[in-house]
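Please walk me through this model in the viewer, one selection after another. Tell me what to pick and what is there.

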Amino acid sequence: MATLLKCKMVVLGCNPRFFSTTSQRLSQSFKLVVVGGGTGGCSVAAKFASVLPKNNVAIIEPSDTHYYQPMWTMIGGGMKKLEQSGRPMSQVLPKNAHWIKERASQFFPEENRLVTASGEEIKYEYLVVAMGLQLDYNKIKGLPEAFNTPGVCSNYSPKYVEKTLETLKNFKGGNAIFTFPNTLIKCAGAPQKAMYISEEYLRKHNKRDKANVIFNTSLGVLFGVKKYADALEKVVRERNIAVNFRHELIEVKPDTKEAVFRLLDDPAGNTKTFKYEMLHVTPPMSAPDLLKANKKLTNEAGYLEVDKSTLQHIRFPNIFGIGDCTNLPTSKTMAAIAGQNKIVYDNLKLQMEGKKPSQKYDGYTSCPLVTGYSKCILAEFDYDGQPLETLPINQAKERNTSFFMKKEIMPVLYWKLMLNGWWNGPGVIRKILHLGTGR
């Protein structure tokens, strides 16, 4: 612990910030730098800020607002307000950490430094990369401009999420189409959640008989874990929802209210065009361009390349990753980050103490699959796609209790515990409820 708490010595002593006298460019130095002030960045920074001396931890994050993004599904259905999902960044970042309100622009991992968008140099002993994913709406022809036209909406951005409810209110009849892109995305269940909530809205408001609810997905299955896929297949069948697999949205034509889909299994590369009255778009997503540009840090797809068990970078032992920007082969969710943050903390602390990281992440992730205004399937699973359920009941069944947890309890866990570094997922609860077996 003495090593962990040791303040880094720089040109001007123990002050972690200093001006370079050679180039006159502002340069700062920290024990630990966290790039990204989202869920992963906040939770890991909070853990270390509580044990390292003040201002030994720096967080690089340009945003003014921190959003609890899992709430946006509820906002799209009118169950929550957008302002409930966001808080000022200054209120959620740990007080003992130093906030650098900028974007990182270049990484130099071999030199233990990075440069911000303003040209400021940031040096570090240890680095945690928690940059999340970027939304690539612009990779679909006609977007984002089509969001300014009737019927086109998306729960994936605070710019557009409120339009989902507006579109449902204005729905007169026709196709209500929900898409899933041909990329990795955050919360792979969210496109279906939007669809199930919208379908129930249309039923409640006597519009369902005028609507063709359609799920056009690039995937070949409804869900990657068979237990939950089987449950969801029952839902779509009972609610008369049409599912078209291997359909990728490539263009939106707002003037004619048409959506063009590439047929991914068609060797000729043909497309199919659908008329829409409502089009809920889940955008393609990717690792941030800054990260993709640094081949030393990433894999071929542009994701931070870390060991899937220890979350330590495979080439730079003083760098760790957490969350959506990593190459971890698990579903990218807030729950996954909860399972990862203590692994990062424990292993990075061991690395700081000159010891070998030994804690292992099992790939735990969770997706509360909201199926309407009162029920939810609570999917939990690991790297192997095996259910890893917390409660000693069948969580693949639609339940009111699971919905209540999603709508009311999880936001409290997030704001009060997780962002303060106090929530590491339900592993301990699971062991207790399953009599020590963990399953």
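Does C153 count as buried or exposed? Select C153: at 0% relative accessibility, the residue counts as buried. Here buried means under 20% relative accessible area, exposed means over 50%, and partly exposed lies in between (1.4 Å probe, protein chains only).

Some ground rules before the next stop. This is a predicted model, in which local features need pLDDT of at least 70 and side-chain atom pairs count only at pLDDT 80 or more, while totals for chains, interfaces and linings use all residues. Residues are numbered from 1 along each chain as its sequence is written, and side-chain values use heavy atoms, with hydrogens and water left out.

**Cysteines**

Stay with the cysteines. A disulfide is a pair of cysteine sulfur atoms within 2.5 Å. By this rule the count is zero. C153 is in no disulfide, and its nearest cysteine sulfur, that of C187, is 17 Å away. Now select C187 and C367. C187 is in no disulfide either; the sulfur of C367 is the nearest cysteine sulfur to it, at 4.0 Å. C187 counts as buried, with 19% relative accessibility.

**Salt bridges**

Next, look for charged pairs. A salt bridge is a side-chain nitrogen of Lys or Arg within 4 Å of a carboxyl oxygen of Asp or Glu. The structure holds 24 of them.

Select D64 and K101. Their side chains meet in a salt bridge, 2.9 Å from N to O. D64 sits in the loop between strand 3 (57-60) and strand 4 (65-67), and K101 in the loop between strand 6 (98-100) and strand 7 (104-108), so the pair ties together parts that are 37 residues apart in sequence. Helices (H or I, at least four residues) and strands (E, at least two) are DSSP runs, numbered from the N terminus. D64 is exposed at 52% relative accessibility. K101 is partly exposed, at 42%.

Move to helix 6 (residues 190-204). E200 and K204 both lie there, four residues apart, about one turn of the helix. They form a salt bridge, with the closest N and O atoms 3.6 Å apart. What is the setting of each partner? E200 counts as buried, at 13% relative accessibility. K204 counts as exposed, at 52%.

Now take helix 7 (residues 226-238). K226 and D230 both lie in this helix, four residues apart, about one turn. Their salt bridge has its closest N and O atoms 2.7 Å apart. K226 is exposed at 60% relative accessibility. D230 is partly exposed at 36%.

**Surface patches**

Switch to a surface view. Patches are made of residues with over 30% relative accessible area and no salt bridge; like charges are joined within 9 Å, and nonpolar side chains (Val, Leu, Ile, Met, Phe, Trp, Tyr) within 5 Å. Accessible areas come from the Shrake-Rupley method with a 1.4 Å probe; for residues, only the protein chains shown count as cover.

Select K234, R237, K375 and K397. They gather in a surface patch of positive charge. Lys and Arg count as positive and Asp and Glu as negative, with His and the chain ends not counted. The place of a charge is NZ of Lys, CZ of Arg, CG of Asp or CD of Glu. K397 lies in the loop between strand 22 (376-381) and helix 10 (400-417). K397 is partly exposed, with a relative accessible area of 49%.

N394 is found in the loop between strand 22 and helix 10. N394 counts as partly exposed, at 38% relative accessibility. Draw a distance from N394 to F30: their C-alpha atoms are separated by 47 Å, and the residues are 364 apart along the chain.

Now select V428, I429, I432 and L433. They make a nonpolar surface patch of about 370 Å². L433 is found in helix 11 (residues 427-433) and is partly exposed, at 36%.

**Backbone stops**

Which peptide bond is cis? Select L143 and P144: the bond from L143 to P144 is cis, with omega near 5°. P144 lies in the loop between strand 10 (134-135) and strand 11 (152-153).

Finish at R246 and K257. R246 is not a glycine, yet its phi is positive, near 60°. R246 lies in the loop between strand 14 (242-245) and strand 15 (247-253). K257 also is not a glycine and has a positive phi of about 55°. K257 lies in the loop between strand 15 and strand 16 (258-263).
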